[in-house]
Every structure is written in C-alpha cells, then in structure tokens.
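Here is a short briefing on one protein chain. Look at the sequence and the model, then work through the points by topic.

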Amino acid sequence: MYLDSVRDVSATPARLSATLIAMHILVTASSKHGSTNEVADAIARRLEDAGHTADRIAPEDVTSVDTYDAVICGSAVYILQWMDGAHDFMDRFSAQLENKPVWAFSVGMNGVPKHAPQDPTRIGPLLTRVSAIDLHSFAGRYTPSLLSLRERSVARLAGVVEGDFRNWDEINEWTDSILKDLEQR
Ligand SMILES: Cc1cc2nc3c(=O)[nH]c(=O)nc-3n(C[C@H](O)[C@H](O)[C@H](O)COP(=O)(O)O)c2cc1C
C-alpha cells in the first residue's frame, strides 16, 4: 500500500551505494534509567547497518567533536527538562556544532495517551544555542518498580504513565530520514 512504500521501516536500512562515502557520526545521549540509552543504541546500530561508523559515547565523556561528520544528541526528559549531561554537551560544543549537521531527540511521555501534552520545542536543544536540523520527541518507558519512592511521587505528580511506549519503527524511520539527509550532502 501507499504508506508502506513511503515509510521504509524495514529491518535493515538501505546500505550505502559504492559511490557514497561512509560518515563518522557521534550518537550521544543522557539517560537515567536506560530507556533513552537503548533508543540511542538502536539509532547507532541502524547507522552502522547502513555502512557508517557510529560512536556511542556519553555526553560527559565527549572531549571533541572535530572528527565527526554529524552529531545526534538525545536526552530523557525529567520535569520538562533535558538532563544536565546532554544540555551541557550542547553548550560546551555549541561553537563547533554550528558548522555540523546536528539532530536531537527527546525521550519522554509526550505523545503517550493520558500524559499531559507538552510542547517539545520548549525543552532540550532549542533552549541552548545549538540549532538542530530536527528535534524529535519519542515516547519512553516508565517502570515504577525500578524507581525510588521520591521519583515515583514526582512521576505521579507529573502524570507519567506506566509502560514501555517506545516505538522502534518510528525510531528506525527517524534514523532513516537522517541517513537520507546525510547521503544527499
Ligand atoms: C520523576 C520523573 C519525571 C518525569 N518527567 C517527565 C516530563 O516532565 N515530561 C515527559 O515527557 N516525561 C517525563 N518523565 C518520563 C521519562 O522521560 C521517561 O520515563 C523516559 O523514558 C525516561 O528515560 P530514561 O529511562 O532514559 O531515564 C518523567 C519520569 C520520571 C520518573
């Protein structure tokens, strides 16, 4: 059907043709309870499956972005904010990132039924000086049994809904849109 032909969310992305150059891409993300890290891992894996080199490094451990052709930075959202590591990364490297293609993603409860909707443009990199080509909000995972009592109380106040809402097709699709953009550069 029409949708299937325009949304290529196949198990593996199209590999580079022989004439395209493999790129070196940084995939960095801040995560407290692991779900955002797993999203970043899936993005990096898909880039690698397409023939590029993807470095998965925590934002705090990145010492330079000079060697990268592109950067993808993500963060879990806590109380409407990106986590400090991803936020500081964007600030630390804002000058260098100005000259590179940058994509950003948030993982939170936006888009999850029953969670109060929030404006994704008011969180994350748009509050820093970095202008990302795209900021995408993915639904995340909330497992109360993994959290402290204090976190559970805050989550309840924030209206966070229990469950794993990550949509791996959507994550693959977003990564494929990045691949498409990079291969046209
Ligand atoms: C204390 C707490 C506060 C949260 N606040 C928000 C929020 O303001 N907006 C949102 O979209 N999601 C919020 N969430 C949901 C998290 O972003 C979601 O569980 C995410 O997948 C966590 O990522 P992590 O596993 O990488 O830490 C909150 C979760 C907790 C536990």
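Along the sequence, the chain runs α-β-α-β-β-β-α-α-β-β-β-α-β-α. That pattern holds six helices and eight strands. Helices (H or I, at least four residues) and strands (E, at least two) are DSSP runs, numbered from the N terminus. The model is predicted: local features need pLDDT of at least 70, side-chain atom pairs count only at pLDDT 80 or more, and totals for chains, interfaces and linings use all residues. Residues are numbered from 1 along each chain as its sequence is written.

**Overall build**

- The radius of gyration of the chain is 17 Å, close to the 16 Å that the globule rule gives for 185 residues, so the chain is as compact as a globular protein of that length.
- The radius of gyration is taken over C-alpha atoms, and the globule rule is 2.2 Å times the number of residues to the power 0.38.
- Along the principal axes, the C-alpha atoms fill a box of roughly 55 × 45 × 25 Å.
- Of the 185 residues, 35% count as buried.
- A residue is buried if 20 or more other C-beta atoms lie within 10 Å of its own, exposed if 12 or fewer, and partly exposed in between; C-beta atoms are placed from the backbone.
- Among contacts with a separation of 6 or more, 80% come from residues 24 or more positions apart.
- Two residues are in contact if their C-beta atoms, placed from the backbone, lie within 7 Å.

**The nonpolar core**

- The largest nonpolar core has 43 residues. Such a core is a set of buried Ala, Val, Leu, Ile, Met, Phe, Trp, Tyr and Cys residues joined through C-beta atoms within 7 Å.
- Ile 25, Val 27, Ile 43, Val 71, Ile 72, Cys 73 and Val 102 touch the most other members.
- At least two core residues come from each of β1 (24–30), α2, β3, α3 (84–92), β5, β6 (134–139) and α6 (168–183).
- Which element gives the largest share of this core? β3 does, with six residues.
- Val 102 is in contact with Val 71, Cys 73, Leu 97, Val 130, Ala 132 and Ile 133, leaving aside its neighbours within four places in sequence.

**Around the ligand**

- The ligand is surrounded by 25 residues, and the closest are Ser 31, Thr 36, Ala 76, Gly 108 and Gly 140. A residue is near a molecule if its C-beta atom, placed from the backbone, lies within 6 Å of it.
- Two or more shell residues come from each of α2 (35–49), β3, β5 (102–108), β7 (141–142) and α5 (149–158).
- α5 gives the largest share of the shell, four residues.
- By class, the shell has 13 nonpolar, nine polar and three charged residues. Ala, Val, Leu, Ile, Met, Phe, Trp, Tyr, Cys and Pro count as nonpolar, Asp, Glu, Lys and Arg as charged, and the others, Gly among them, as polar.
- Gly 159 follows α5 and has a positive phi, near 75°.

**Positive phi in a loop**

- Most residues other than glycine have a negative phi.
- Ile 79 has a positive phi of about 50° although it is not a glycine. Ile 79 sits in the loop between β3 (70–78) and β4 (81–82).
- Leu 80 lies in the loop between β3 and β4, and its phi is also positive, about 65°.
- Are these residues buried or exposed? Ile 79 is exposed, because 9 other C-beta atoms lie within 10 Å. Leu 80 is partly exposed, with 13 other C-beta atoms within 10 Å.

- Leu 147 is in the loop between β7 and α5. Its C-alpha is 8.4 Å from that of His 33, 114 residues away in sequence.
- Leu 147 touches Arg 152 and Ala 155, not counting residues up to four places away in sequence.
- Asn 167 is in the loop between β8 (163–164) and α6. Its C-alpha is 7.7 Å from that of Phe 138, 29 residues away along the chain.
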